[in-house]
Amino acid sequence: MTTDQQPHALATGPLDVRLLAFEPGPEERTFGDAPVTYALVALRHEGRLLLVLERGRGTWELPGGGIDPGETPRVAAARELREEAGQVIAPEALRFVGFSKTAFADRPVAYGAVFAAETTAVRPFTPNEEIAAIHWWSGEPEIPGGLLQTVDTYLAERARSTPPA
């Protein structure tokens with residue numbers, strides 16, 4: 001398939017990331033064309049969205065990452081939120097929103113489980129090997145230190161507008 005024949009993206013972002021689709025649940029859903037390999041969390045505090053600055057990519061993104069063997073996407077989302085941003089939300093407190101179907105420049109198309117949550121208590125953050133900083137984003141078009149991953153901000157907006165199941 002040439003670039004001209006690729007499906008229209010719902011959103012595009014830096015580093016040639018393209019959101020091809022946003023699919024509803026159920027949370028246990030599987031797909032025949034690609035696996036569910038990652039989980040993301042749209043965490044909000046006082047109306048602002050948590051973004052993390054991923055060192056290797058230099059982008060501000062939603063916290064999230066790969067699903068470990070034997071782990072559910074929900075548990076992976078809570079674990080990644082804690083590991084990347086130091087924020088603790090119990091897996092059962094996460095609200096499942098849907099699945100993102102994403103094309104990446106450097107790896108195959110994959111699905112990601114997207115979750116949302118609110119927090120009243122922000123925990124301290126300590127930079128780590130993967131994440132240089134966190135930012136509670138209020139919608140500004142640029143954040144110093146990195147590129148804004150607009151695919152993730154699009155997903156966060158979808159998470160806000162998707163009613164609870």
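Read from the N terminus, the elements of the protein chain follow the order β-β-β-β-β-β-α-β-β-β-β-α. In this predicted model, that makes ten strands and two helices.

The overall dimensions come next. A compact globule of 165 residues would have a radius of gyration near 15 Å, and the protein chain agrees with this, at 15 Å. The C-alpha trace spans about 45 × 35 × 30 Å along its principal axes. Of the 165 residues, 48% count as buried, and the protein chain exposes about 8,500 Å², with carbon and sulfur atoms supplying 54% of that area. Among contacts between residues at least 6 apart in sequence, 68% join residues at least 24 apart. As for charge, the mean positions of the 15 positive and 23 negative charges lie 3 Å apart.

The aromatic residues deserve a look of their own. The structure holds five aromatic pairs. In one of them, the ring centres of phenylalanine 31 and tyrosine 111 are 3.7 Å apart and the planes meet at 5°, so this pair is stacked. It links distant parts of the chain, 80 residues apart: phenylalanine 31 sits in the loop between β2 (17-23) and β3 (36-45), and tyrosine 111 in strand β8 (residues 110-118). Phenylalanine 31 is buried, with a relative accessible area of 14%, and tyrosine 111 counts as buried at 3%.

Phenylalanine 96 and phenylalanine 115 form an edge-to-face pair, with 5.6 Å from centre to centre and 65° between the planes. Because phenylalanine 96 lies in strand β7 (residues 95-103) and phenylalanine 115 in strand β8, the pair ties together parts 19 residues apart in sequence. Both phenylalanine 96 and phenylalanine 115 are buried. Together, Phe31, Phe96, Phe99, Tyr111 and Phe115 form one aromatic cluster.

Methods
Residues are numbered from 1 along each chain as its sequence is written. This is a predicted model: local features need pLDDT of at least 70, side-chain atom pairs count only at pLDDT 80 or more; totals for chains, interfaces and linings use all residues. Side-chain values use heavy atoms; hydrogens and water are left out. Helices (H or I, at least four residues) and strands (E, at least two) are DSSP runs, numbered from the N terminus. The radius of gyration is taken over C-alpha atoms; the globule rule is 2.2 Å times the number of residues to the power 0.38. Buried means under 20% relative accessible area, exposed over 50%, partly exposed in between (1.4 Å probe, protein chains only). Contact means heavy atoms within 4.5 Å. Accessible areas come from the Shrake-Rupley method with a 1.4 Å probe; for residues, only the protein chains shown count as cover. Lys and Arg count as positive and Asp and Glu as negative; His and the chain ends are not counted. The place of a charge is taken as NZ of Lys, CZ of Arg, CG of Asp or CD of Glu. Rings of Phe, Tyr and Trp (its six-membered ring) pair if their centres lie within 6.5 Å; planes under 30 degrees apart count as stacked, over 60 as edge-to-face and the rest as tilted.
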